[in-house]
There are 2 protein chains.
Amino acid sequence: MQKKTSPAPAKRAPRKRPLVTVTEEDRNRRADLVRVSARLFREKGFEGTTVRDIAGAVGMRSGSPFYHFKTKQDILAAVMEEGLVAGLNDTERIVGSDLPPREKFRALVRSHLETVLAEGHDFIPVLLYEWRSLSPDLQARIITLKDKYDARWQQVLADLKQAGLIKSDSKVVRLLMFGAVNYTAQWYKRGKGLSIDQLADQAVEFFLGEAAD
Amino acid sequence: MQKKTSPAPAKRAPRKRPLVTVTEEDRNRRADLVRVSARLFREKGFEGTTVRDIAGAVGMRSGSPFYHFKTKQDILAAVMEEGLVAGLNDTERIVGSDLPPREKFRALVRSHLETVLAEGHDFIPVLLYEWRSLSPDLQARIITLKDKYDARWQQVLADLKQAGLIKSDSKVVRLLMFGAVNYTAQWYKRGKGLSIDQLADQAVEFFLGEAAD
DNA sequence: CCTACCGATCGGTAGG
DNA sequence: CCTACCGATCGGTAGG
């Protein structure tokens, strides 16, 4: 009988249960859970995804995700938060650049489209479509980030207005644009038809008026 | 003491169990189930709504919806189908009218906004947000109607193009518009800010180019 | 992180 | 359409 997974006393302390310490490995496993949860929540919805689905997708047993997260809801919150933090980073980099207004806007649209359409980018779609499944107290934590994201867009719209490229930078216009871009998640198929880049061009052309040069 | 809902033996035969016959009352109860299901599916999602929720909302016991529908999925399909049939009626009435292109488009946007935003109009939002929860065979039945609806929009866009109000009637433009309008379901609050009518005006102005007169 | 488990709930059914 | 029920599954936990 060969010892297979025997906890032989080796040099690297094997798998000691941490009391308060969070190891590097813990963080990696947590990140794995967030990543696969994003994919599953997007594909099947929060309510349609079981903790067993999530555990299975990273090779854990059904109870183990609760070592990393207190509840299933906390996993959802983590998915949304990760998406927003990444999206906010991209957005601020673009807003802070010295591109001319139209190019800045195009970069923003393109960046957002990638956030919604590129492979493995399931965080923001989950935010958009599973918001209702998040309990109010967890929503509150996310809303702060969400507001920042919206404010960046509004800022770029104000620039566009000043440059005379749009007539209005109202909240309504921002929401209409946002809706148009977000809805691509429902119909865009990677590898078929337009590239994300081409789609960004078409969207910008549409938003800024097709007749305008 | 006035008789209120007492099932006194009147002329109309009371509550005989039908074998194959579907009575008028059956149809009413079925319609009740579809209506409350639309509301619940919109509020809590298909997976987040239980058959007991639905039954309770119309004063039935938990097993009784299955007298009217074979499965929970069939209720979802009925909700979507009812929404599409109603929406398609409105749309065809507008497309068939003799309004000038811009006014026809405005009527279409307004009609769709009402379909998405007006009180009790939960059918199309459910179609938009719970599509993934519908099994492929039931989806197939709905897609036919969905294609018709899309075709009507495309037709109006072609008219707009001919009238010189837009440059393109590409599928992409239609989907961007559709996304912008549909997303209003996520942020529009009845009784606060713009009326549905005003929102339709703003949207049309945005879609057709704000700079254009 | 696994094992073993629990109470609650769920969609659906038989029989009337 | 109700009563009574079932098998399956779910989120979560204790203890190691």
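**Close-up views of a predicted protein–DNA model**

**View 1. The surface near DNA strand C.** The residues of this surface comprise four nonpolar, seven polar and four charged; Ala, Val, Leu, Ile, Met, Phe, Trp, Tyr, Cys and Pro count as nonpolar, Asp, Glu, Lys and Arg as charged, and the others, Gly among them, as polar. The model is predicted: local features need pLDDT of at least 70 and side-chain atom pairs count only at pLDDT 80 or more, while totals for chains, interfaces and linings use all residues. Residues are numbered from 1 along each chain as its sequence is written, chains are lettered from A and ligands numbered from 1 in the order in which they are written, and side-chain values use heavy atoms, with hydrogens and water left out. Of the 15 residues around DNA strand C, Met60(A), Ser64(A), Tyr67(A), His68(A) and Lys72(B) come nearest; a residue is near a strand if one of its heavy atoms lies within 4 Å of it. Helix H3 (65-68) of chain A and helix H2 (51-57) of chain B each supply at least two residues of this surface (helices are DSSP runs of H or I, at least four residues, numbered from the N terminus).

**View 2. Phosphate oxygens of DNA strand C.** A side-chain N or O atom of Arg29(A) is 2.8 Å from one phosphate oxygen. Backbone N or O atoms also approach phosphate oxygens of DNA strand C, at 2.9 Å for Val51(B) and 2.7 Å for Lys72(B).

**View 3. The surface near DNA strand D.** Of the 16 residues around DNA strand D, those nearest are Lys72(A), Arg29(B), Met60(B), Ser64(B) and His68(B). Here helix H2 (51-57) of chain A and helix H3 (65-68) of chain B each supply at least two residues. A phosphate oxygen of DNA strand D is 2.7 Å from an N or O atom in the side chain of Arg61(B).

**View 4. The largest cavity.** About 100 Å³ of space lies in this cavity. Of its 16 lining residues, Glu47(A), Arg132(A), Glu47(B), Glu130(B) and Arg132(B) are the closest to its centre. On a 1 Å grid over the protein atoms alone, a cavity is a set of points where a 1.4 Å probe fits but cannot get out, and lining residues have an atom within 4 Å of a point; a volume is the space filled by probe spheres set on the points, which are joined across faces, edges and corners.

Methods: A polar contact is a pair of N or O atoms within 3.5 Å; within protein, one must be able to donate a hydrogen and the other to accept it, and residues adjacent in sequence count only if both atoms are side-chain atoms. On a 1 Å grid over the protein atoms alone, a cavity is a set of points where a 1.4 Å probe fits but cannot get out, and a pocket is an open set with protein on both sides within 12 Å along at least five of seven lines; lining residues have an atom within 4 Å of a point.
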